[in-house]
Amino acid sequence: MQTVSSLLDSAWHERYRRISRLNIRSSIYDVTNRCNLRCKGCFFFSSGEHEAAADEEDIRQWESFIDREKARGVNMAILIGGEPTLFLDRVEAFYRRLPTYCATNGLIRVSRDRFPGMLVGISLWGDEDDEKALRGRDVFSVSRKNYEGDDHTYYLYTITPKQIGRTEKIIRKIADAGLKVHMQLLTNDEQVEGFHWTPEALRDVRAEMDAMLESYPRTVISCRYYHEIICTGMMMGRPFGWNECPSVTETMDDRDPRPKRLIRFIRWAADLKTTHRCCTSATRDCSICKDGAAHMSWVMVNKREHMRTTGDLQNWIEVYEMFAKLYGFIPW
Amino acid sequence: MSEEKGIEQHILRIAQIVIDELRLEDVTKETFDPDLDLVDELGIDSMDLATVALVLQDEYGVSIDEDDYPKLKTLRLIAEYIRTRLQEKAA
């Protein structure tokens, strides 16, 4: 029987122990349906999820809802939207009660006096030209100025096929701003011309992601196995898709057989009653989904499948550590 | 039946359940070390424990609170936990 100590030396075993007891129980919350941008390729708007339920506007309802979530066992609140920073009272209600990660486009600076330790993930869709094409303006310049040098902020850089060969310019700017970056790939939900992935482009972007990790190890929060998984869509010979995805709302998960999944995971709409099917949109073709967190979680929930060889288990540890860093469970 | 023998029988039964439910290879209920740390050494996670707990609940007719999972680190500790729950139920 394969055991952890038969596969790992003492240093790796210590890394394994550090993460194996974290017991992360995350859920995702749409803080609002409103946004100060309208980006092509944003699943929230392209799928109509912003019209699924009206915002709950009573802050006391938010507070009691979060208390119930905490009692349900959630120990990590992931705030998305819409743009969460448009309603900082709601963000604060989470932050006062739970470890909280706030996704934002970075146009509004979150005050560190009010939210000293909250992790902030700024969405980034490419260089200035891509941002203008997909988001209508150069958001990167504004967000970089707003968060320069912030220890609890990183960029969530969604790489598009047009970015191949051009990512280093972006990564260097992020490094120069004293920030971190994590990379994922665009899922072209709105079928924007020129932003489709081809097998060749996926091969090239994987090599480029590896190169960025190699060249900027203090800036890029990632690992090579994650690059392999997200670029190939394969893990242990199995393709990613609806039958494998771990990030499905638990109360809506009628898959049989049920795959390994995130325990207690729910994605809540902003009315605090409606739930969404998964961490992205229900209209997305799961077989081409490139959501980074879903792919990371896919690896994480399949731990024992990675206990075949030393290399497999080390890969699993690196992905888990990456996730734990990105959501504040362990330091950078 | 002595208390020690009772625990050993529970351990063997629980070992078989863990092997069956988690499809473990290269181990039998007789060779399964009852003191092996299931998380640190076998890589079992909370979803695996939930799967095993469901079967144990049916088998022994006791409830296993998810908050107690961190205590269930080895086959022996699971067996002792179940024995305690059975005693509480009988009292």
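Start with helix 11 of chain A: select Met296(A), Val299(A) and Met300(A), which meet Trp316(A), Val319(A), Tyr320(A), Met322(A) and Phe323(A) in helix 12 of chain A. Contact here means that two C-beta atoms, placed from the backbone, lie within 7 Å. The residues of this contact split into 8 nonpolar, no polar and no charged; Ala, Val, Leu, Ile, Met, Phe, Trp, Tyr, Cys and Pro count as nonpolar, Asp, Glu, Lys and Arg as charged, and the others, Gly among them, as polar.

A word on what you have loaded: it's a predicted model, where local features need pLDDT of at least 70 and side-chain atom pairs count only at pLDDT 80 or more, while totals for chains, interfaces and linings use all residues. Residues are numbered from 1 along each chain as its sequence is written, and chains are lettered from A and ligands numbered from 1 in the order in which they are written.

Now show both helices whole, residues 292–300 and 310–326 of chain A: they pack at about 135°, axes 9 Å apart. That makes helix 11 of chain A oblique to helix 12 of chain A (under 35 degrees is roughly parallel, over 145 roughly antiparallel, 65 to 115 roughly perpendicular, the rest oblique). Axes are lines fitted to C-alpha atoms, for helices over the stretch in contact, with angles from 0 to 180 degrees between N-to-C directions. Helices (H or I, at least four residues) and strands (E, at least two) are DSSP runs, numbered from the N terminus.

Next, colour the open sheet of chain A: 8 strands, order 6-5-4-3-2-1-9-10, mixed pairing. Strands pair if DSSP finds at least two bridges between them. Its edges are strand 6 (180–185) and strand 10 (275–276) of chain A.

Zoom in on strand 6 of chain A, which runs parallel to strand 5 (residues 153–159) of chain A, joined by 6 bridges. Look for Leu156(A) opposite His182(A) and Tyr157(A) opposite Met183(A).

Is strand 6 of chain A buried or exposed? 6 of its 6 residues are buried, so this strand is largely enclosed by the rest of the structure. (Buried means 20 or more other C-beta atoms within 10 Å of the residue's own, exposed 12 or fewer, partly exposed in between, with C-beta atoms placed from the backbone.) Lys180(A), His182(A) and Gln184(A) cover one face, and Val181(A), Met183(A) and Leu185(A) the other.

Hop over to helix 5 (residues 88–95) of chain A, where Arg90(A), Val91(A), Ala93(A), Phe94(A) and Tyr95(A) are buried. They pack against helix 4 (59–71), strand 2 (76–80) and strand 3 (100–104) of chain A.

Last stop, chain B: 11 of its residues are in contact with 13 residues of chain A. The chain B side divides into 5 nonpolar, 2 polar and 4 charged.
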